[in-house]
Amino acid sequence: MENNQVIINADIEQGTINKNIYGHFAEHLGRGIYEGIWVGEESSIPNTNGIRNDVVAALKNINIPVIRWPGGCFADEYHWKDGIGPREGRKRMVNTHWGGLVENNHFGTHEFMMLCDMLGTEPYICGNVGSGTVQEMSEWVEYMTFDGESPMANWRQENGRQEPWKVKYFGVGNENWGCGGNMRPEYYADLYRRYQTYVRNYGDNKLYKIAGGANVDDYNWTEVLMREAGHMMDGLSIHYYTIPGDFWTGKGSATDFTEDEWAITMQRVLHTDELIRKHSNIMDKYDPGKRVGMIIDEWGTWFDAEPGTNPGFLYQQNTIRDALVAGVSLNIFNNHCDRVQMANIAQTVNVLQAMILTDGAKMILTPTYHVFEMYKVHQDAKKLAVDINVDSITSGGATIPQVSVSASKDKDGKVHISLCNLDNHADATFTLNLRGIVDPIHVAGRILTSEQMEARNTFEEPTVVEPTAFTGFIVDGHNLRITLPSKSVTLLAIES
C-alpha cells in the first residue's frame, strides 16, 4: 500500500454503528439542568412546560438517541422520591458534589421523561447504589415501568402519568470505585449482583442493565466485574476524559493553551483506542460472543473551569480543539462498534464539553455541537472496512497519525467518510481510494475548521466556527486527491 493513502472498502461491511454511540449525558451539575434545560414554566425564556424551547430545537437537530441522567456522581446521592409530586412540596437538597448548590428538585423523573419525549430520545437512568437502598432502586423501576395496580404505579398515576414509560437502559450505580462509594471491585461486583436482582422487567418493558465499570485503565476492575457478574449484565461502563494537564493540580485552560498542549490533547484522545482494545480483550475472555456492550458513558475534554465562574460548576468554553477531540473520539467508537454499543459525551449543556452554552435567554452552539450534527449520518449505518497509511506528526516527543478516519454506508447505500486532521499547522494531502462503488461517483463535503487553534463561538460572535462546504478534493475515477486543512473535521458523502 502506497504512502499517504486511505482505502475505503465500500463492499466490506463490518457490523452496525449503534446510534447510541452518539448519546449524551445530562447531570445535575452547575447550570447543566437548571438554566441550561429547565427554566420553569414562569420563566420569561420561551419554554414548554418549563423546558427551554431553543435548547430542545437545537438538540433535536442532532438526533440525540439516548440521554444519561441524573448523574454521574450526583446519581449516588439522588433520591428519586424527592423529585416527584407537586413541585411546591418537593424537598430541597444540597448538591454536595458540585458546588454546594441548593436544588429545589423541580426537575425530576416526570420532567426528564418529558424532555426525552420532546427530543424523541431514549432515557438512560442511573440508579443510586452509593447511598441508596435496594428497595429504593426497585421501586423506581416499578414507578416508571409497571402497567398495573401497585403502590408505585398508583403513585405515578396520582402524579399525572397514567401509562408507564418505556425505559430500556438502567445503570446500577456510577463510579463505585470513587464518588459512588470508594468500593473495591469485588465488593461492588457482589453489590451489583444483589441490586440488579431487583431491577425487574415489568410487562413487555425489557431493561438493559449496565454495571459501573472502570476508571480509565483499571483493567483489574473489568476483570473482576466480568468474572463475577458478567452473566448478569448487558453493558459495562468505562469513563475516560481527555485532559492535557494533571487532574488534581491543573487540567489546563479551555481557551488559552500552547501548541504543546494541543499536541498532548491529541495524544491523549488517541489513547482512547488503546483503552478500548485492552478492556475489550478482557471482556472477550469472559464474553467471546460480545453480548455485553462496552458503554463509554462519560467521555470528552475536561479543562479548568472558565475564570470567574464557580469551579464546582465545570463550565468551560469550547474551541476547534474540542471539535477535533469529538471527531477523533467518534471515529474510534465507530471503528470499535463490535464492542462499543453506547457512548455519552459529558455533557449536554453548560458543563464540560457541552453542545450548547447559555447565558440567560441567550444560547450558542459550540464547535462540538457541529461535529455531532455532521456525524449523525453514521447512526445505525454499516461500518465499512478502512485501510489507512498516512503521514505521522511528531510533537512533544510523541508520534501520532496526522489523520483519523471512519466510514459507513447508510440504508440508502450512501457512503459517509469522516476525516480529522489533527495537525495544528500543516494540511494533510493524501489519496482516498474508493473500492466497491459503482461508477460514476458523486462527492459532496462539509468541513469544520478555523484559522486559529483557540477559535470559538461566543455570545458576542456566535458563528465564528461553523461548518462550510468542502471542495478540497479532485475526483479521478475511484480516487480522490484530498487536501484537508490543518485542525479540521470533514465529512464526505459519496453516491454512485
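This is a predicted model: local features need pLDDT of at least 70, side-chain atom pairs count only at pLDDT 80 or more; totals for chains, interfaces and linings use all residues.
Trainee: Let's start with the barrel. What makes strand 10 and strand 11 a pair?

Mentor: Two strands pair if there are at least two bridges between them. Strand 10 (208–215) and strand 11 (235–242) have four bridges, in the parallel sense, so they count as a pair. One of the contacts to look up is alanine 214, whose bridge partner in strand 11 is isoleucine 238.

Trainee: And which strands make up the closed barrel?

Mentor: Eight strands, in the order 2-5-8-9-10-11-12-13, with parallel pairing. From one strand to the next the twist averages 30°.

Trainee: What lies against strand 11?

Mentor: Helix 7 lies across strand 10, strand 11, strand 12 (293–301) and strand 13 (340–346), and runs at about 160° to strand 11. Helix 8 packs there too, touching strand 11, strand 12 and strand 13, with its direction at about 170° to that of strand 12.

Trainee: Which residues of helix 6 are buried?

Mentor: In helix 6 (residues 219–229) they are Trp221, Thr222, Glu223, Val224, Leu225, Met226 and Ala229. Their cover includes helix 5, strand 10, strand 11 and helix 7.

Trainee: Now the other sheet. What is the strand order in the open sheet?

Mentor: Ten strands run 23-22-26-20-19-16-1-21-25-24, and the pairing is mixed.

Trainee: Why are strand 23 and strand 24 said to stand at the edges?

Mentor: Strand 23 (468–469) and strand 24 (473–476) each have a single partner strand, so one side of each has no neighbour in the sheet.

Trainee: How do you know that strand 16 and strand 19 pair?

Mentor: Same test as before: the cut-off is at least two bridges. Strand 16 (residues 382–389) and strand 19 (residues 403–409) have two bridges, in the antiparallel sense, so they pass. Lysine 382, for instance, has lysine 409 of strand 19 as its bridge partner.

Trainee: Which helices pack on this sheet?

Mentor: Helix 8 (residues 320–335) touches strand 16, strand 19, strand 20 (415–421), strand 22 (442–448) and strand 26 (488–495), its direction making about 50° with that of strand 19. Helix 9 (residues 367–375) touches strand 20, strand 22 and strand 26, at about 165° to strand 22.

Trainee: How do helix 8 and helix 9 meet?

Mentor: Their axes come within 7 Å and cross at roughly 30°, and the crossing is right-handed. Helix 8 brings Ile320, Asp322, Ala323, Ala326, Gly327, Leu330 and Asn331, while helix 9 brings Pro367, Thr368, Val371, Phe372 and Tyr375. Those residues divide into eight nonpolar, three polar and one charged.

Trainee: What about histidine 370: buried or exposed?

Mentor: Histidine 370 comes to 7% relative accessibility, so it counts as buried. It belongs to helix 9. Leaving out residues up to four places away in sequence, histidine 370 touches Leu365, Leu448, Asn457, Val465, Glu466 and Pro467.

Trainee: What makes cysteine 73 and cysteine 179 a disulfide?

Mentor: The sulfur atoms have to be within 2.5 Å. In this pair they are 2.1 Å apart, so the pair qualifies. The count comes to one disulfide. With -90° about the S-S bond, the link is left-handed.

Trainee: Where in the chain are these two?

Mentor: Cysteine 73 is in the loop between strand 5 (66–69) and strand 6 (93–95), and cysteine 179 is in the loop between strand 9 (169–172) and helix 5 (185–197), 106 residues apart.

Technical notes
Residues are numbered from 1 along each chain as its sequence is written. Side-chain values use heavy atoms; hydrogens and water are left out. Contact means heavy atoms within 4.5 Å. Axes are lines fitted to C-alpha atoms, for helices over the stretch in contact, and angles run from 0 to 180 degrees between N-to-C directions. A crossing is left-handed if the near helix is turned anticlockwise from the far one by less than a right angle, and right-handed if clockwise. Ala, Val, Leu, Ile, Met, Phe, Trp, Tyr, Cys and Pro count as nonpolar, Asp, Glu, Lys and Arg as charged, and the others, Gly among them, as polar. Buried means under 20% relative accessible area, exposed over 50%, partly exposed in between (1.4 Å probe, protein chains only).
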